[in-house]
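Subject: Structure handover and findings

Hello,

Here is the structure for you to look through. My notes follow below it.

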Amino acid sequence: MSEALLEAIMQLFALLTDVKHATAETGRQKVAEYLSAQFNAEYVGRFLERYDYYLNRFHGSIENYEQQTSDNLSNMEAICQQINQEIDLDAKVLNTFLNYILKAEISTEEERFVDSLANYLRIPANDYWAMKGFVLQQPLDIVDKGRLLLINGRPDKPHPDIKHI
């Protein structure tokens, strides 16, 4: 993974961090976990510093939250355009961001940001909605249950359309 891509990913993580609801520290921990799974300690520290920089840059002042949200959507679009010019990106990156915001309740702004991110990264709509449902919903709430495979030790299926082992 190139440093330019990592820089863009740190910017996107910072944009997706919900500082209004005091989740910045949780977000930083998730970024550290993501980096630790990919890189050595030197890179983790270096890119966490970049994440902190972008977090302050994008969310330094939250007096005008609506204006900041609009500015951040514009920033996200510009970052995604740069990424699209440099590399051929697949849905795995978007999945990383969906898991990043995964928590009990997702705010409307967070959902709008991730929906926009998928659009800006040119993720096919069917793939995105299936992935979003899989990450953010319970299996029985997913519309296209025929695409699910449930592996557990139980003898019965929770739904007739779900494949079951």
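Which residues of H7 are buried? They are Tyr-128, Met-131, Lys-132, Gly-133 and Val-135. Buried means under 20% relative accessible area, exposed means over 50%, and partly exposed lies in between (1.4 Å probe, protein chains only).

First, the ground rules. This is a predicted model, in which local features need pLDDT of at least 70 and side-chain atom pairs count only at pLDDT 80 or more, while totals for chains, interfaces and linings use all residues. Residues are numbered from 1 along each chain as its sequence is written, and side-chain values use heavy atoms, with hydrogens and water left out.

Overall layout

The protein chain has seven helices and two strands. Along the sequence the pattern reads α-α-α-α-α-α-α-β-β. Helices (H or I, at least four residues) and strands (E, at least two) are DSSP runs, numbered from the N terminus. The chain has 165 residues, and 38% of them count as buried. Its accessible surface is about 9,800 Å², with 49% belonging to carbon and sulfur atoms. Those areas come from the Shrake-Rupley method with a 1.4 Å probe; for residues, only the protein chains shown count as cover. Now the contacts, meaning heavy atoms within 4.5 Å. Among those with a separation of 6 or more, 62% join residues 24 or more positions apart.

H1 is mostly covered, with 12 of its 14 residues buried. The buried ones include Leu-5, Ala-8, Ile-9, Phe-13 and Leu-16. From first C-alpha to last, H1 reaches 20 Å, close to the 20 Å expected at 1.5 Å a residue. The expected span is 1.5 Å times one less than the number of residues. H7 covers residues 125-136, and its 12 residues should span 16 Å. Its end C-alpha atoms are 16 Å apart, which agrees.

Gln-11 is worth a look. It is found in helix H1. At 12% relative accessibility, Gln-11 counts as buried. Leaving aside neighbours within four places in sequence, Gln-11 is in contact with Tyr-54, Phe-58 and Ile-79.

The nonpolar core

A nonpolar core is a set of buried Ala, Val, Leu, Ile, Met, Phe, Trp, Tyr and Cys residues joined through side-chain atoms within 4.5 Å. The largest one here holds 33 residues. Which members touch the most other members? They are Met-10, Leu-12, Leu-35 and Met-76. At least two residues of this core come from each of H1 (3-16), H2 (24-38), H3 (41-59), H4 (65-86) and H6 (108-120). H1 gives the most, with 10 residues.

Take Met-76 as an example. Not counting residues up to four places away in sequence, Met-76 touches Leu-12, Leu-15, Phe-113, Ser-116, Leu-117 and Tyr-120.

Salt bridges

How many salt bridges does the structure hold? There are three. A salt bridge is a side-chain nitrogen of Lys or Arg within 4 Å of a carboxyl oxygen of Asp or Glu.

- Glu-3 and Arg-46 meet through their side chains at 2.3 Å, N to O. Glu-3 lies in helix H1 and Arg-46 in helix H3, so the pair ties together parts that are 43 residues apart in sequence. Glu-3 is partly exposed, at 38% relative accessibility. Arg-46 is partly exposed too, with a relative accessible area of 35%.
- Arg-50 and Glu-7 meet at 2.8 Å, N to O. Arg-50 lies in H3 and Glu-7 in H1, so this pair ties together parts that are 43 residues apart in sequence.
- Asp-52 pairs with Arg-28, the closest N and O atoms being 2.8 Å apart. Asp-52 lies in H3 and Arg-28 in H2, so the pair ties together parts that are 24 residues apart in sequence. Asp-52 is partly exposed, with a relative accessible area of 28%. Arg-28 counts as partly exposed at 26% relative accessibility.

The surface

Leu-149, Ile-151 and Ile-165 make a nonpolar surface patch of about 340 Å². Such patches are made of residues with over 30% relative accessible area and no salt bridge; like charges are joined within 9 Å, and nonpolar side chains (Val, Leu, Ile, Met, Phe, Trp, Tyr) within 5 Å. Leu-149 lies in strand E1, residues 149-150.

Best wishes
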